[in-house]
Amino acid sequence: MFNKRMQKLGEERSVIRELFEYGNRRKSEIGAENVFDFSLGNPNIPAPGRVGEEIVRLVRETPAEALHGYTSAAGSAEAREAVAAHIRNAFHAPADASLIYMTCGAAASLTVTLAALCEDGDEVVVLAPFFPEYLVFIESAGGKPVVVQTDAAFRPDLAALERAITPRTKAVIVNSPNNPSGAVYTEGEMRALASLLVRKSEKARSPIVLISDEPYRELCYGAAPPYLPKLYKNTVVCYSWSKSLSLAGERIGYIAVSPGCENAQTLFNAVCGAGRSLGFVCAPALFQRVVAACIGTTSDLEKYRENRDMLYNALTSYGYECAPPEGAFYLFVKAPNGDAREFSELAKRHEVLIVPSESFGVKGYVRISYCVSRDVITRSLPAFRTLRSLFS
Ligand code: PLP
């Protein structure tokens, strides 16, 4: 009677959302202070004061019809120019406002980009572990996800990528800093990927597009990730301010088609067409103005480093195994019993909510989002210690 696939997607919900909803129910039953919710990547650090000031200023000074009305579908000229200027200044890379498309966050950037690129059956390569919604977005665009495992340290495995890329490969999605592993890919690793893509594109006589999914670009605890359009010309950047400015609920981001892309203008036209067909009329008008004014500013992201250090040091001292995250705000920890789902269920009984790794495309890990208050981390540690001791 209804669209079966949509019905299934709606009924299944994501494992992360399911756990989050469970957490909310549990908090109302036993009190929020007794539930240690590490399920969602919802920034707990407030947006910088500048964001609030800008909102107030805009509301006071702009006539309402101008403030809240539609902008051009691709975004206001001011916002698109601000993004292009920021890319030029921050990365010393070419950027053109006419190739910037403002979106409702990285999720929209990805769905629009994939719809712009894919025709039925085109393959899109993703590196596991990956953001689970990639599979939904690719399939919705008519594409076929091809999952390639990273190596034991969650670094890109070039040999595996080489085997996975076929003449039907339309795009490769790279997410660095990575959700959920916390890996930040080095310039060397990305140069190697770029030369593989050049070789494979030449062989297929059609460019393979590198989609750089960058909601965590600024959340980096060591060397910053390279700006991928400088390494590979056929790159489309999917960015959002959800994490960098803690604006996840406001839904604001962009797509930057690199001017170096083959047929960049045609690709941009396809992005506009995809946005149109998906009903993204324009990105939120107020927040286009806010981000244009605040571009380059971030929330106090150092707080995440403190959370990372605290949780990583404590958990490894209890005997948990995990690589120190280089970026984003997730700890990806080996389930001590080897079974992620079982361990996540067990953790629930200790009121600890952590996400099993199967939906990220790998087995045997749990993801702990540490974008939570210091207090939640401190009070959760005895439960983590008890859970680990069950398997010593
Ligand atoms: N890509 C990755 C890797 C993410 O982790 C997320 C959200 O957590 C998104 C995309 C979607 O981001 P947004 O909230 O900006 O749509």
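The structure is a predicted model in which local features need pLDDT of at least 70 and side-chain atom pairs count only at pLDDT 80 or more, while totals for chains, interfaces and linings use all residues. Residues are numbered from 1 along each chain as its sequence is written, and side-chain values use heavy atoms, with hydrogens and water left out. The ligand sits in the largest pocket, and 14 residues surround the ligand.

**Ligand shell**

- Of the 14 residues that surround the ligand, the closest are Asn179, Asp213, Tyr216, Ser242 and Arg251, where a residue is near a molecule if one of its heavy atoms lies within 4 Å of it.
- The shell around the ligand divides into six nonpolar, five polar and three charged residues; Ala, Val, Leu, Ile, Met, Phe, Trp, Tyr, Cys and Pro count as nonpolar, Asp, Glu, Lys and Arg as charged, and the others, Gly among them, as polar.
- Helix H6 (residues 105-117) gives the largest share of this shell, three residues, with helices (H or I, at least four residues) and strands (E, at least two) taken as DSSP runs numbered from the N terminus.
- A backbone N or O atom of Ala106 lies 2.9 Å from an oxygen atom of the ligand, and a polar backbone atom of Ala107 is 2.8 Å from an oxygen atom of the ligand.
- From Asn179, a polar side-chain atom lies 2.7 Å from an oxygen atom of the ligand.
- On its own the ligand has 400 Å² of accessible area, of which the protein covers 91%, as computed by the Shrake-Rupley method with a 1.4 Å probe.

**Largest pocket**

- A pocket is an open set of points on a 1 Å grid over the protein atoms alone, with protein on both sides within 12 Å along at least five of seven lines, whereas a cavity is a set of points where a 1.4 Å probe fits but cannot get out; lining residues have an atom within 4 Å of a point.
- The ligand is placed in the largest pocket under the rule that more than half of a molecule's atoms lie within 2 Å of the grid points.
- The largest pocket holds about 910 Å³ of space, a volume being the space filled by probe spheres set on grid points that are joined across faces, edges and corners.
- Its lining has 36 residues, and Arg17, Ala107, Phe131, Glu133 and Arg251 lie nearest the centre of the pocket.
- Helix H1 (4-12), helix H2 (15-30), H6 and helix H7 (133-140) each supply at least two lining residues, and the largest share, five residues, comes from H7.
- By class, this lining has 18 nonpolar, 10 polar and eight charged residues.

**Cavities**

- The count comes to three cavities of 30 Å³ or more.
- About 80 Å³ of space lies in the largest cavity, whose lining includes Phe91, Tyr185, Glu214 and Arg217 and divides into seven nonpolar, two polar and two charged residues.
- The second largest cavity has a volume of about 50 Å³; among the residues that line it are Ile87, Asp96, Tyr227 and Ser258, and by class its lining has nine nonpolar, one polar and one charged residues.

**Backbone features**

- Most residues other than glycine have a negative phi, and most peptide bonds are trans.
- Ala128 and Pro129 are joined by a cis peptide bond with omega about 5°, and Pro129 is found in the loop between strand S3 (123-128) and H7.
- The peptide bond from Asn179 to Pro180 is also cis, with omega near 20°, and Pro180 lies in the loop between strand S5 (169-175) and helix H9 (187-204).
- Phe154, although not a glycine, has a positive phi of about 65°, and Phe154 is found in the loop between strand S4 (144-149) and helix H8 (158-164).

Key
Polar contact = N/O pair within 3.5 Å; in protein donor to acceptor, adjacent residues only side chain to side chain.
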